[in-house]
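Subject: Structure for you to look at

Hello,

Here is the structure I said I would pass on. Please open it first, then read the notes below with it on the screen.

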Amino acid sequence: DFQPPSRSEAGASASSGVATTGKSNKFRVRIVKQSVDAKLGLRAAAFSHRPGFRVKSVRPGPVYDWNEENPGSEVRSGDVVLQVNGERSNAESMFRAIASSKTLDFLIRRAREAVPQPEQFAESAGSHIQQVPASATQKVESPSDGPNAGGAASAVAGGEAASEVDSEVSEHFESESCSDSEGLTQASTSPKSGQNLAETSESLNGDRDFVLSAVVSNPACFPRVPDKLRQDREFNMEVVRENCAALEFAAAGIREDRDFILEAVQEDAAAIKFASDDLRVDRDFVLEAMEHDGAVLRYLPETFHASHEFVLAAVARNGLALEYAAHGFRSDREVVMEAVRQDGVAFQFASDDLKADNEFVLAVAHADGDAFQYASDDLRSDAKFVLRVVAVAGAALEYASAALSEDRGFIFEAVQENGRVLEYVSEAFRADREIVLAAVCRDGNVLQEAAESLKADREVVLEAVRSNGFALRHAAAQLRKDRDVVFEAMRQAERAEHFADPELRDSAGFKDD
């Protein structure tokens, strides 16, 4: 049974670091820019502790156009981009993939309770992601205890390029971590750093923005903030949003405020490490905090890491919290499966035995195809087993061994199992007529993944629209004028007529036919 740790243990176990965020579901987006260096209309912020970046806002451009054309699959503020054109090693590499490619395939994880970005494009702060020149970026070290320690996490504009690309490069590499207070308490010659806050004039100390800037720059100056602001709940939350580490120096009443800490955890899971000792050992409080983000497990005393109840609650909200659970839970099927359901990437923290267990791997791949990348090498090289996996999770083909991915006979069998597999095969196989025909017979909508020449192949398109009438939207223009092709699509889905050529739709007798 769970035994709450002592208050001394609660205080001693608080560790520095950054939080991870959970997901609800994943989807793919394909954007085609007018040119390689065209802007996307996307503001984003890189994570310093793991690969990927968070969408900050969507503005006019190719992404906005995608949103208009794909209701239900919009890219929204708060979404997390996990992969760009297969690149997932770190945010800097992903941004470079954006800068060097005209066609971009994004794997995106929907933020919890995300809402579409309002059409507010007049805001001047920030700009669009565009080309990221090598000279304009530099690596910044990540926290040493993170899962991607040492990875490129941040970049800033340098030299003469700063004035031109600062808003378009450094903004994109904005850290989303809760910075540690270490290093921020050093002396500074600027009053805004907080070094001389206590010595500044009373009028400046009453300037809310000035004090906020000082505390964010140097959290250790927080105790010298005027008491009215120091006790101001709203002011403290502004501080947390800018630099969570400052919470360590907040007034005791703030750190003892249950509701405040729970709200702060929604901003950054690391906020819980600065809660009062009483709160950090309060069972109900901790469970409620985990409802907001399971990553709080990372910042709790070790006793929580060894509790099945708390670990299960944590991974249910943030699968990546499995990394911080006691080692034995990496072999716990219930815990690992719950983590994978929440985020397939969590399977990387499972034991080697589970990664080599056929039936368990099949189950986790069914829950999230991305989990298959962490299966044992033997399983990812086993043709029969991989066919079983792709039958339930087409995305898993992306993680099959190189030998299987290049084997035409295997790919032909795979698309017969699951047409969606076509999305993950090489360009050569997307131009292979026999493979594409087999794929569209299973799922007509994968016509969008076929080579352009096959989108103009009448037989291929007819098979696609017989399977899914809406596949007509992906057919070549001349076939959307073909009355027989259009009517075949409409027999499968009446509303497919919207994708027919306008002249055909307006022609005499079209409706009667």
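A residue is called buried when its relative accessible area is under 20%, exposed when it is over 50%, and partly exposed in between. Phe470, with a relative accessible area of 29%, is therefore partly exposed. Please keep in mind that this is a predicted model.

Aromatic pairs

The number of aromatic pairs comes to six. One of them joins Phe347 and Phe360: the ring centres are 6.2 Å apart and the planes stand at 45 degrees, so this pair is tilted. Phe347 sits in the loop between helix 15 (333-342) and helix 16 (352-355), while Phe360 belongs to helix 17 (residues 358-367), so the pair ties together parts that are 13 residues apart in sequence. Phe347 is buried, at a relative accessible area of 0%, and Phe360 is buried too, at 6%.

Phe470 forms an aromatic pair with Phe499, and this one is edge-to-face, with 6.2 Å from centre to centre and 85 degrees between the planes. Phe470 lies in the loop between helix 25 (458-467) and helix 26 (483-492), and Phe499 in the loop between helix 26 and helix 27 (502-506), so parts that are 29 residues apart in sequence are tied together by the pair. Phe499 counts as partly exposed, at 25% relative accessibility.

There is also a charge over a ring: Arg230 lies over the face of Phe222, at 6.0 Å from the ring centre.

Cysteines

How many disulfides are there? The count is zero. Cys221 is buried, with a relative accessible area of 0%, and Cys244 counts as buried at 3%.

Helix 21

Which residues of helix 21 (residues 408-417) are buried? Phe410, Ile411, Ala414 and Val415 are buried there. They cover an arc of only 130 degrees around the axis, which puts them on the same side of helix 21. The general rule behind this is that an α-helix has 3.6 residues a turn, so residues three or four places apart point the same way. The buried residues of helix 21 pack against helix 19 (383-392), helix 20 (402-405), helix 22 (427-430) and helix 23 (433-442). At the start of helix 21, the backbone nitrogen of Gly409 has a side-chain oxygen of Asp407 within 3.0 Å.

Two loop residues

Ala395 is in the loop between helix 19 and helix 20. Ala395 counts as buried, at 17% relative accessibility, because the cut-off for buried is under 20%. Val421 is 26 residues away from Ala395 along the chain, yet their C-alpha atoms are separated by 6.6 Å. Leaving out residues up to four places away in sequence, Ala395 touches Arg28 and Tyr424.

Ser276 is in the loop between helix 10 (258-267) and helix 11 (277-280). At 12% relative accessibility, Ser276 counts as buried. Apart from neighbours within four places in sequence, Ser276 is in contact with Arg255 and Glu256.

Regards

Methods: Residues are numbered from 1 along each chain as its sequence is written. This is a predicted model: local features need pLDDT of at least 70, side-chain atom pairs count only at pLDDT 80 or more; totals for chains, interfaces and linings use all residues. Side-chain values use heavy atoms; hydrogens and water are left out. Rings of Phe, Tyr and Trp (its six-membered ring) pair if their centres lie within 6.5 Å; planes under 30 degrees apart count as stacked, over 60 as edge-to-face and the rest as tilted. Helices (H or I, at least four residues) and strands (E, at least two) are DSSP runs, numbered from the N terminus. Buried means under 20% relative accessible area, exposed over 50%, partly exposed in between (1.4 Å probe, protein chains only). A charge sits over a ring if NZ of Lys or CZ of Arg is within 6 Å of the ring centre and within 35 degrees of the ring normal. A disulfide is a pair of cysteine sulfur atoms within 2.5 Å. The arc is that of the directions from the helix axis to the C-beta atoms. Contact means heavy atoms within 4.5 Å. A polar contact is a pair of N or O atoms within 3.5 Å; within protein, one must be able to donate a hydrogen and the other to accept it, and residues adjacent in sequence count only if both atoms are side-chain atoms.
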